[in-house]
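I opened the notebook to go through this chain from the overall fold down to single residues. Here is what I loaded.

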Amino acid sequence: PPHPHSAADASIATYFQTLLVESDGYTDPFNPLMMLLTRSSPFVLEKASSLLAKLLTCSIPPGAASHSEQVLTRHLQTFSEWVMYQLKSVEPKEAADSHKTQFAVSALQLLVATPSGRTVCINSDGLPILYSLMCGASNTTSVQLLYQTIFSLWSLSYSPECVSCH
């Protein structure tokens, strides 16, 4: 039989939202993960950003208190801004070789797969950043980076907010 921890169980993410909602936002299970984004270890940053992208984009259960929604929205916005900062901090022509860009683009790809993630990405000036990244990636040999960037742009095209952007 397969090892019980060999496959990810997506339903576990609901425990984070449930704890947040049941405590009316006063017990914040996301805060320790958000604090990991201040670390310098590429491994920690990669794992924390991937996990946060998955957890923060899960929808909050209906009937949630407004304070718990505010806490989740604040984390989602902060996370999106952090991802954009990571992408802006590397020159586009050097992005293909940057660990920082690799984990940030992977997190962004997960983030823009949901309506709430697309909204915060656009509000964090994601379009110009993705455009410059795409132009820089097209001049390198990084097909993976170019794919992830174009995938993120394509995902953003499903957002009504993106229509009004220039």
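**Entry 1: the whole chain.** I noted first that this is a predicted model. I looked up the secondary structure and got nine helices and zero strands. Reading along the sequence, I wrote the pattern down as α-α-α-α-α-α-α-α-α. The chain has 166 residues, and 42% of them are buried.

**Entry 2: the core.** Which residues touch the most other members of the largest nonpolar core? I got Leu56, Phe79, Val83, Leu87 and Leu108, out of 39 residues in that core. Then I checked which elements give two or more residues to this core, and the list is α1 (13-22), α2 (31-35), α3 (42-56), α4, α5 (99-111), α6, α7 and α8 (143-156). The largest share is from α4, with eight residues.

I picked out leucine 87 and listed its contacts, skipping residues up to four places away in sequence. Leucine 87 touches Thr101, Ala104, Val105, Leu108, Ile129 and Leu133. Leu108 turns up in that contact list, and Leu108 is also among the core residues that touch the most other members.

**Entry 3: histidine 75.** I moved to histidine 75, which is found in helix α4 (residues 66-88). Is histidine 75 buried or exposed? Its relative accessible area is 4%, and the cut-off for buried is under 20%, so histidine 75 counts as buried. Leaving out residues up to four places away in sequence, I have histidine 75 touching Asp28, Phe30, Asn31, Met34 and Leu56. I marked Leu56 in that list, as Leu56 is another of the core residues with the most touching members.

**Entry 4: α6 and what follows.** Next I went through helix α6 (residues 115-123) and wrote down its buried residues: Gly117, Arg118, Val120, Cys121 and Ile122. After α6 comes aspartate 125, placed in the loop between α6 and α7 (126-138). What is phi of aspartate 125? I read a positive value, near 60 degrees, in a residue other than glycine. Aspartate 125 has 52% relative accessibility; exposed means over 50%, so I put aspartate 125 down as exposed.

Conventions: Residues are numbered from 1 along each chain as its sequence is written. This is a predicted model: local features need pLDDT of at least 70, side-chain atom pairs count only at pLDDT 80 or more; totals for chains, interfaces and linings use all residues. Side-chain values use heavy atoms; hydrogens and water are left out. Buried means under 20% relative accessible area, exposed over 50%, partly exposed in between (1.4 Å probe, protein chains only). Helices (H or I, at least four residues) and strands (E, at least two) are DSSP runs, numbered from the N terminus. Contact means heavy atoms within 4.5 Å. A nonpolar core is a set of buried Ala, Val, Leu, Ile, Met, Phe, Trp, Tyr and Cys residues joined through side-chain atoms within 4.5 Å.
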